[in-house]
Amino acid sequence: FEKIAEENGELIGFYGLLDTLRAEVPAAVIKIQKAGVKIVMATGDRHETACYIAQSASILKEKNRALEGSEFRKLSDEQVSAQLHAITVFSRVLPEEKLRIVRLFQQQGHIVGMVGDGVNDAPALALADLGIAMGTVGTDVAKQASDIILLDDSFATIVTAIEQGRHIFTSFKRVFLYFFTTNFSEVMVMVFAFGMGIPLPLLAAQILWLNLVTDGFLDCSLAMEPRELNLLSARWLKENVTLIDQGLIYRIIYQSAVAACIACYLFYRYYQTDLVLARTVVLATLTTAEWVMALNCRSFYRSLFKT
C-alpha cells in the first residue's frame, strides 16, 4: 500500500479467485467414506488452501489431521506410519513425496487408488494399485501412467464404479455358490452309491442334462440379477474379503448335503423294486433342488421368502 501511495497510485479494490469444489463432490466423498474407503488429499497447494478445500469436501474433520510438506519431510517413515490412520491431508508435497505417501499406505496393507491429472502425479499413479487419471484436464503423461481414465472428470463417477465393482464381485460369488452347491450335491449322491455298493443313481446322460441344461440357464440368470442392497456400506468390506471364503464353503456344504440326503434316501427306497423309477426320482429331486438353490442364491443377505 505504501508503494502504491508513493507512486501516486489509487487502490480501487481487491480481486480474488476461488477454485471451488464441484457440487457433487461432498456427497460423493461421504458415500465413499460410508463404503469403508478412506480418502486422503495430497496436494502442492498452500496448507491453508488445502485444509479449506478438504473441510468443504468432508475430507478433513475434527478427528483428522493435516500434515504440511515441510513437517512431512522431517519425519521418518516409522513416525508417519504411526499417525497415518489420522492424516487425511498432505499439503505442499512434492511429486516424490506423493510417491512416498502411496508406498507408506501400501506397506500397511492398504489397497491404494490414486487420482491425479498432472505430470507430477505420474510416478504415484504408476505405483498405486489403481491409478486413475482425469480424461479432460489430465495430461498425456498422467493418462499413460494410470490404469483407468475418468472421461467426465467427475468424482461421483468413482462412487458408481465402486458400487458396480462390488456388484460384479457379488455376481461372481453368487454364481460360484450355486455352481459348487449343485455339483457337490451330485458328487455326494454318486459317492453314496459307491460307498453302499449299489447301482449308480444317475446315468451319464442325466448328469449331462443337469450340468448343461439346468445349471447353464440358472447360472446365466443369477449373473443377471440386480444389485444387492447396501453395497456401499462399510460392512461389505468385512463380509466379502475374498471370493471364496469360509462362509461360502459352509453354505456350499450344508445346502448340497440337504439335497443329496433327500436324493439318496429316495433312491435307496425305490431302487430295489424299480431302478428306472429310482433314477428318475433322483433326477427330478436334484433338478427341483437346483431351482430352489438358485432362488436362494439370489441374495446373500435376504432369504428366498424375501426375494
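Which residues does valine 29 touch, if we leave out those up to four places away in sequence? Counting a contact as heavy atoms within 4.5 Å, Val29 touches Ile39, Ala57, Ser58, Ile59 and Phe155.

Before I go on, a word on the model: it is predicted, with local features needing pLDDT of at least 70 and side-chain atom pairs counting only at pLDDT 80 or more, whereas totals for chains, interfaces and linings use all residues. Residues are numbered from 1 along each chain as its sequence is written, and side-chain values use heavy atoms, with hydrogens and water left out.

Val29 is also, with Ile32, Ile59 and Phe155, among the residues with the most contacts inside the largest nonpolar core, which has 22 residues; such a core is a set of buried Ala, Val, Leu, Ile, Met, Phe, Trp, Tyr and Cys residues joined through side-chain atoms within 4.5 Å, where buried means under 20% relative accessible area with a 1.4 Å probe, protein chains only. Two or more residues each come from helix H2 (25–34), helix H3 (47–56), strand E5 (130–134) and helix H9 (156–196), helices being DSSP runs of H or I with at least four residues and strands runs of E with at least two, numbered from the N terminus.

Helix H9 also packs against helix H13 (residues 275–296), at an angle of about 155 degrees and with the axes 10 Å apart; axes are lines fitted to C-alpha atoms over the stretch in contact, and angles run from 0 to 180 degrees between N-to-C directions. H9 is therefore roughly antiparallel to H13, the term for angles over 145 degrees. Among the residues making this contact are Tyr178 and Val189 of H9 and Leu286 and Met293 of H13.

Definitions and conventions. Buried means under 20% relative accessible area, exposed over 50%, partly exposed in between (1.4 Å probe, protein chains only). Angles under 35 degrees count as roughly parallel, over 145 as roughly antiparallel, 65 to 115 as roughly perpendicular and the rest as oblique.
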